[in-house]
Every structure is written in C-alpha cells, then in structure tokens.
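Work through the exercises below with the coordinates open. Try each task before reading its solution.

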Amino acid sequence: MEQINNNVPSQSEIKETLIERHTKEVQQRLSNGKVVIAGLGGLGSNIAVSLTRIGVGKLLLIDFDVVDLSNINRQNYYIQHLGLPKTEALKRQLTQINPYIQIETKNIRIDEGNVVEVFQEYEIVCEAFDNPKSKAMLVNTVLEKLPNSKIVSGSGMAGYESSNEIKTHRTMKNFYLCGDLENGVEAGFCLMAPRVQICAGHQANMITRLLLGIEEE
Amino acid sequence: MKVNGEVITPLFPVTLETFLLDRNYDLTTIAVERNGEIVPKATYSEVKLFDEDVLEIVQFVGGG
C-alpha cells in the first residue's frame, strides 16, 4: 500500500499558501466569508469542496439524507461513506482539504417554518436541493423574508446536452440562477457527474464573486 | 405587459394566480418577480396585474 502523508500543515502554512495563490486581498475576503449550503447532493457536495479549497472561512452544510450507492455517479462521496449522513461524510472530506475552516452541519429537513431561523445569519445562501418544490420554497422564502441575503440556485443540469447551455443568470436583484433552466429529471434525463459539476462550478464561482463584492452575474 | 422579456397582453383585469394557471404553471415550483420585487406566494390570488407590469417567472426543474 502507498504511504499516506499524515503530517497536517499548520494553519499559517495553509493560509500563506492560499495568499500566495489568490493574493492577500482576495484571500482576506474569502477567509471572512460565510456561506450556507442547503442540499448536499451533486450540486452541494461539489460546491462545498470548491469553497473549501479556496479557503472560505465558514460553511454551514445542511442535508437530511444519507449517502447511497446511487449518489456516487455525481456526488462527491466515496464507497467508504455509504450509509453515513451526507453532512458527516462531507465534513470528513472537507477537513482533509482544510482543517481550519469552520464547518457546521445540520441534519434536518428545511421547510418554510425553519428557513428564517436556520439561514438568517448568512448573507449568501446556496440552494442545492434536487426537488423543484424544495428549490422554489427556499428561493421564495429567502427572497421574501431575508431581504439582506443573496441566494444562488441551480436549475437545469440533467442529461448530456451541451455544456454551453448552462449559464449564470441574475434573475432578480438578490437571486442568481445557474443551469440551462430546462433539462430536469422530470423530462426523463438522468443526472450525471459532468453536467452537474458544470452547474456546481457556476454556483461556486458566483458565490466566490459575491464574497469578493462583485454582484454582476 | 412584459413577461420574461416578451410582450404579452392578457385579458385584463386578471390576478397573478389566474394568469399563471392559465399558462399551466405549477405554482409550487415557481418564483415570480413583479417590477423588481419578489411576489410573496400567499398573495398570488390578490395581486392584480397591469399592462405596465414587468414579470419575471422562474420555473424550477428537478435535479441537483
């Protein structure tokens, strides 16, 4: 078996390396950033990995589900995570990327009744559910009840249509929507890693832009 | 009236709810902005539309 390097770099070593890569000004903003990710499937798990890699300071990860074999074709989990809550499985991986960012988890189902309580301290909300009713519920409730929050959502990333159909749209002042807006699972398309990851990349980059104070799509 | 960038003239007077149902929208999977403001779901049946309104209707599809 290959030898695994267990020497965990120090916090300042990681910080300096990120500054070297991203510049001090950018890294300062990212390190001060906090983001809530609702839904840890193909979108949420990949978005969380991206944001952790660039050193976003605090993440709240929300999902009620456990890792299933059918998730592995697109979600950022491994065989070893099967049966674990997605919150825990993802947190374990993120800790391997950067052990010094703050990661909170909530193993709960989000509904209209708990959105304000759970999301109110986050100015950037990432909607990454799979069910269109849940997506609509979260977007509507955040826009109605949390006027200081911006929400970055995903809709339309199923199948293997052209990558270039997936775009970031600033649909409303505080609402960014990533995807092709059309290809959903209800139309009989499957969900596969490449296109889901493209959409996750759009969401992660829009969140990065917002953290850096850029509001254009 | 402008809907998702397209000029549409429904039969006025019409409420937002009727307008959406007439166009076969599933009210549980959409978000609607009217003149730059999100329309609270609970008010769809009370909101009256006018010819100068600008609507953005987002229909969510499944997958994530």
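Contact means heavy atoms within 4.5 Å. The model is predicted: local features need pLDDT of at least 70, side-chain atom pairs count only at pLDDT 80 or more, and totals for chains, interfaces and linings use all residues. Residues are numbered from 1 along each chain as its sequence is written, chains are lettered from A and ligands numbered from 1 in the order in which they are written, and side-chain values use heavy atoms, with hydrogens and water left out.

**Exercise 1.** Leaving aside neighbours within four places in sequence, find what Ile97(A) is in contact with.

Step 1. Locate the residue. Ile97(A) belongs to helix 4 (residues 86-97) of chain A. Helices are DSSP runs of H or I with at least four residues, strands are runs of E with at least two, and both are numbered from the N terminus.

Step 2. List the partners. Beyond its neighbours within four places, Ile97(A) touches Val49(A), Thr52(A) and Arg53(A).

Step 3. Check accessibility. Ile97(A) is partly exposed, at a relative accessible area of 24%. Buried means under 20%, exposed over 50%, and partly exposed in between (1.4 Å probe, protein chains only).

**Exercise 2.** Describe how helix 1 and helix 2 of chain A cross.

Step 1. Take the axes, lines fitted to C-alpha atoms over the stretch in contact, with angles from 0 to 180 degrees between N-to-C directions. Those of helix 1 (residues 11-22) and helix 2 (residues 24-32) of chain A come within 7 Å and cross at roughly 125°.

Step 2. Classify the angle. Helix 1 of chain A is therefore oblique to helix 2 of chain A. Under 35 degrees counts as roughly parallel, over 145 as roughly antiparallel, 65 to 115 as roughly perpendicular, and the rest as oblique.

Step 3. Name the residues. Helix 1 of chain A contributes Leu18(A), Ile19(A) and His22(A); helix 2 of chain A contributes Lys24(A), Val26(A), Gln27(A) and Leu30(A).

**Exercise 3.** In which order do the 7 strands of the open sheet in chain A lie?

Step 1. Read the order: 3-2-1-4-5-7-6, with mixed pairing. Two strands pair if DSSP finds at least two bridges between them.

Step 2. Find the edges. Strand 3 (102-106) and strand 6 (167-172) of chain A each have a single partner strand, so one side of each lacks a neighbour in the sheet.

Step 3. Inspect two pairs. Strand 1 of chain A runs parallel to strand 2 (residues 58-62) of chain A, joined by 5 bridges. Strand 5 (residues 150-154) and strand 7 (residues 175-179) of chain A are also parallel, with 4 bridges.
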